[in-house]
Structures are given as C-alpha cells and as structure tokens.
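Please look at the structure shown below before reading on.

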Amino acid sequence: MKTRKLGTSGLEVSAIGLGCMGLDFSYATSISRAEGVALIRKAVERGLSFFDTAETYGPFTNEKIVGEALRPVRDHVVIATKFGFNIVDGKQAGLDSRPEHIRKVADESLKRLGIDVIDLFYQHRVDPAVPIEDVASAVKGLIEAGKVRHFGLSEPGVETVRRAHAVLPVAALQNEYSLWTRGPESNGILAACEELGIGFVPYSPLGRGFLTGAMNGKTRFEEGDFRKLLPRFTPEAMEKNQALIDLLGRIAREKGATPAQIALAWLLAQKPWIVPIPGTTKLHRLEENIAATDVTLTAADLASIAEALAAIHIEGERYPAHLLAATGR
C-alpha cells in the first residue's frame with residue numbers, strides 16, 4: 001500500500017483509509033461487532049493503516065469495534081476519533097466543545113478504544129459557543145499530557161482554521177469532498193490546507209455510495225438509513241444526478257476500472273496530501289477501494305473530467321438545512 005503524509009505534521013498513513021462509521025451507524029444495514037472487527041483486520045492485512053471513528057457513532061459502540069480490531073496491531077496503525085457533541089440518553093443533544101468536556105471525551109474514548117494515545121483527535125463540528133482558541137488550547141493540553149498526538153477539525157470555515165492553527169498546528173481537516181461535493185475547492189479550504197501545511201481527509205468520497213453506480217432514481221432506502229434525510233438522495237435528485245454516474249462509467253470502461261475507483265483516483269490526483277476514507281461493510285468493496293490506488297489519471301484524463309463536470313449540474317444539497325448550518329463555521 002502506498003502511503004501519504006498529512007501535510008507537514010509528520011503523520012504518515014496509507015493512501016486510502018477506512019471510514020468506520022457505517023459498520024454500525026447511520027445506515028439501515030449494519031454488521032455485527034465480530035464482523036466489523038474481522039473486516040478491519042482484513043483491511044490491515046491489505047495494507048490500510050488509517051482508521052476513522054467517533055464517540056458519536058453508535059454512540060460509543062463504533063470506537064469499541066475499532067479498538068478491539070486494532071489493539072493487536074496498535075503500533076502499525078493510525079487511529080482518528082472525534083469530540084464535540086453532547087450525547088444524552090444515547091442521542092446527540094447539541095454541541096459541546098468546552099475544554100472540560102473535551103478532556104472527558106478524550107479519557108472515555110481512550111478507554112473504549114483500549115489504547116494509550118489518540119493519534120488524531122478532531123473537533124467533529126465547530127461549536128459557536130466556545131472560542132476555537134479555547135478548543136485548540138484544550139487539545140494542546142492533551143498532547144502535552146501524552147493522551148493525543150495530533151489535532152484536527154471537521155467541516156470548519158477557513159477563518160476558524162487559521163485561528164486554531166495559530167494556537168496549535170492543525171494536522172488534518174476532515175470535510176466532505178468528492179466528485180459531487182466540491183465545496184472545499186471554492187470555499188478556500190483546500191487553499192488554506194496548502195498554505196498552512198495541513199492534510200485533508202475527504203469523508204464520503206464515494207458520495208455515500210452513489211458514486212459507485214449502484215443506485216438510481218428507483219432506489220429506496222429503509223427506515224433508519226441516514227440518506228432518507230438528504231435532499232441529494234430523493235428519487236428526483238438521483239435521477240437527475242445520473243449524468244455523473246454515466247460519466248464515471250465511461251471513464252471506468254476506458255481505464256478498465258470501476259466507477260468507485262475512478263472517483264477515488266480523482267481525489268488522490270488532486271493533491272498529494274489528500275487521503276480519502278471510504279467506508280464499507282463488504283470485503284469485495286474494501287478490496288475495490290484499495291485497488292483505486294493503482295489507477296492512474298493523466299493530466300489529459302483530469303482535464304477531460306473537469307470539462308465534463310462543468311456541464312453537469314448536481315441536484316440537491318448534501319445536507320438538510322439544519323445540518324448544513326453546522327458546517328463552514
């Protein structure tokens with residue numbers, strides 16, 4: 001497996017990581033804890049070294065799966081988790097990035113993961129009630145205490161990144177980014193990463209499954225599937241967004257690859273410090289995603305894709321309004 005460095009932080013990881021959220025959270029179909037542990041260990045066997053979880057996934061259960069799977073190979077992997085939500089009776093109840101809460105979450109995450117130090121600790125969403133300088137200072141204290149190695153932010157605005165970075169170097173940003181969610185290109189996030197030496201970790205790099213080509217306007221989601229809430233996954237939006245899948249299919253045939261591999265290869269081609277974290281519950285999809293690192297898109301390929309994308313309108317917002325409002329702060 002090829003590796004990449006997340007900016008100038010010194011944090012080196014496999015070129016593709018594994019987003020573990022979907023193992024038991026957000027989708028109608030999940031797998032057992034034993035199956036999740038087995039899949040993560042198979043990912044390690046195939047060269048993956050970067051694994052992403054969060055206290056709120058479950059909540060709490062996802063970290064336990066990740067910890068059980070990775071403890072035998074702890075010295076060979078990078079584990080990222082997140083803080084920032086107030087969880088009451090098993091449900092998200094707003095944001096909480098008060099320093100005392102950050103310290104509490106760190107201790108609890110370490111216990112659930114069964115490890116001594118968190119490699120990368122992200123603020124899951126920016127809390128407007130807590131100055132980002134206070135958040136960065138709290139994580140800095142955790143680093144000094146040996147409980148955390150690196151600091152990250154998820155879905156922040158550029159000014160927040162700059163303010164946080166002035167207090168404590170930010171190792172990585174985790175934002176949604178893919179062929180159909182390209183906000184980081186236009187909102188200054190990627191430019192800030194390049195300027196400040198920050199790595200970038202796209203979540204949902206396969207568009208929550210849409211970019212695999214396995215869905216269309218006739219696809220229906222079961223109760224409990226997070227995608228039922230997303231404007232981009234209405235039947236009408238998926239029907240209109242089929243043009244993007246058609247484009248991916250054409251390129252995939254030319255390259256002897258799959259649409260998912262083209263979508264991941266496109267992300268990898270954008271910057272050398274970008275590390276996507278697709279999630280899956282299936283071994284054959286895991287292996288398909290890993291093989292994307294062997295797909296080469298030339299400058300001519302990328303120019304052709306850019307030209308085609310310019311003519312495609314993506315229908316539907318990526319989040320409903322109340323969730324979209326929590327991004328870019």
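How many helices and strands are there in the chain? There are 13 helices and 11 strands, where helices (H or I, at least four residues) and strands (E, at least two) are DSSP runs numbered from the N terminus. The model is a predicted one, in which local features need pLDDT of at least 70 and side-chain atom pairs count only at pLDDT 80 or more, while totals for chains, interfaces and linings use all residues. Residues are numbered from 1 along each chain as its sequence is written, and side-chain values use heavy atoms, with hydrogens and water left out.

Along its principal axes, the C-alpha trace of the chain spans about 50 × 40 × 40 Å. Of the 329 residues, 55% count as buried, a term that means under 20% relative accessible area, with exposed meaning over 50% and partly exposed lying in between (1.4 Å probe, protein chains only).

Turning to the aromatic rings, the chain has 9 aromatic pairs; rings of Phe, Tyr and Trp (its six-membered ring) pair if their centres lie within 6.5 Å, and planes under 30 degrees apart count as stacked, over 60 as edge-to-face and the rest as tilted. Trp-180 and Phe-233 form an edge-to-face pair, 5.6 Å centre to centre with 85 degrees between the planes. This pair links distant parts of the chain, 53 residues apart, and both Trp-180 and Phe-233 are buried. Phe-233 also forms an edge-to-face pair with Phe-210, at 6.4 Å centre to centre and 85 degrees between the planes. Phe-210 is buried as well, with a relative accessible area of 0%. Ring pairs link Trp-180, Phe-210, Phe-221 and Phe-233 into a cluster.
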